[in-house]
Amino acid sequence: DQQVKQNSPSLSVQEGRISILNCDYTNSMFDYFLWYKKYPAEGPTFLISISSIKDKNEDGRFTVFLNKSAKHLSLHIVPSQPGDSAVYFCAASDNYGQNFVFGPGTRLSVLP
Amino acid sequence: GAVVSQHPSRVICKSGTSVKIECRSLDFQATTMFWYRQFPKQSLMLMATSNEGSKATYEQGVEKDKFLINHASLTLSTLTVTSAHPEDSSFYICSALAWREGLETQYFGPGTRLLVL
């Protein structure tokens, strides 16, 4: 059973609009969450993270929201740009940064 | 959903020894698996692409004689770190390709933490 789920395999958004990527997890022991961005033929690149003591973390156009009671996190990208088109992976871990569990990813397409 | 396992999850070894890490797709067949190494700032570096029944394709700068990859079956790929040194200490993650609602998707294993003393 997957402990980290990204139920939307793909998402299309118009340039300039907001992209919202969702992630759900089942293990209440997870206390650190990360988002990765992956282009074809490259490894996933770290994008932004959040620890369980926070409910929001911002970095430029990227904001991650964490709802612990719902075991849900989301990544907001605003405004979306064509260069944001990639696969986005949500990952979770316990022991603060070790033993990652990745979600299956969501393919984001930002249309010009 | 598709599940990928790695064994062992953690390993400590002495310098000069070899360590084998297994990556298994538990409920699906994967003709293609990938091996990554985690670097500071949490990014994953693609080391090699493992194809069942053929030689692995290594990324530039990755020594194929040092990191031996064998994809002997549709559910198992192994990475052997030969003559390990302390600088090989890292977090190694594998992933396997599968189809999900018509899209090719990567499913990641939980990773193996290697410490070379």
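The paragraphs below go through the interface of chains A and B, then the cysteines of each chain, then one serine of chain B, in a predicted model.

The interface comes first. On the side of chain B, 24 residues are in contact with 28 residues of chain A. Together the two chains bury about 1,900 Å² between them, and 53% of this area is on carbon and sulfur atoms. Within chain B, the residues that lose the most area to chain A are B:Gln42, B:Arg100 and B:Phe108, which together account for 28% of what that side buries.

The largest share comes from β10(B), with 6 residues. Sorted by class, the side of chain B that touches chain A consists of 11 nonpolar, 7 polar and 6 charged residues.

The cysteines are next. Over all chains, the count of disulfides is 2. A disulfide is a covalent bond between the sulfur atoms of two cysteines.

In chain A, the disulfide is formed by A:Cys23 and A:Cys90, with their sulfur atoms 2.0 Å apart. The angle about the S-S bond is -70 degrees, and the link of A:Cys23 and A:Cys90 is left-handed. A:Cys23 belongs to strand β3 (residues 19-25) of chain A and A:Cys90 to strand β9 (residues 86-94) of chain A, so the pair ties together parts that are 67 residues apart in sequence.

In chain B, a disulfide joins B:Cys23 to B:Cys94, with an S to S distance of 2.0 Å. Here the angle about the S-S bond is 80 degrees, and the link of B:Cys23 and B:Cys94 is right-handed. Because B:Cys23 lies in strand β3 (residues 19-25) of chain B and B:Cys94 in strand β9 of chain B, the pair ties together parts that are 71 residues apart in sequence. B:Cys23 is buried, at a relative accessible area of 0%, and B:Cys94 is likewise buried at 0%.

Chain B also contains B:Cys13, which is in no disulfide. The nearest cysteine sulfur to that of B:Cys13 belongs to B:Cys94 and is 18 Å away, whereas a disulfide requires sulfur atoms within 2.5 Å. B:Cys13 counts as buried, at 9% relative accessibility.

The last stop is B:Ser95, which is placed in strand β9 of chain B. B:Ser95 is buried, with a relative accessible area of 0%. The side chain of B:Ser95 makes a polar contact, at 2.6 Å, with the side chain of B:Gln106. Leaving out residues up to four places away in sequence, B:Ser95 touches B:Thr32, B:Met33, B:Phe34, B:Tyr36, B:Gln106, B:Tyr107 and B:Phe108. Of these, B:Phe108 was already named among the residues of chain B that lose the most area to chain A.

Notes:
Residues are numbered from 1 along each chain as its sequence is written. Chains are lettered from A and ligands numbered from 1 in the order in which they are written. This is a predicted model: local features need pLDDT of at least 70, side-chain atom pairs count only at pLDDT 80 or more; totals for chains, interfaces and linings use all residues. Side-chain values use heavy atoms; hydrogens and water are left out. Contact means heavy atoms within 4.5 Å. Buried area is the accessible area (1.4 Å probe) that two parts lose on being put together, summed over both. Helices (H or I, at least four residues) and strands (E, at least two) are DSSP runs, numbered from the N terminus. Ala, Val, Leu, Ile, Met, Phe, Trp, Tyr, Cys and Pro count as nonpolar, Asp, Glu, Lys and Arg as charged, and the others, Gly among them, as polar. Buried means under 20% relative accessible area, exposed over 50%, partly exposed in between (1.4 Å probe, protein chains only). A polar contact is a pair of N or O atoms within 3.5 Å; within protein, one must be able to donate a hydrogen and the other to accept it, and residues adjacent in sequence count only if both atoms are side-chain atoms.
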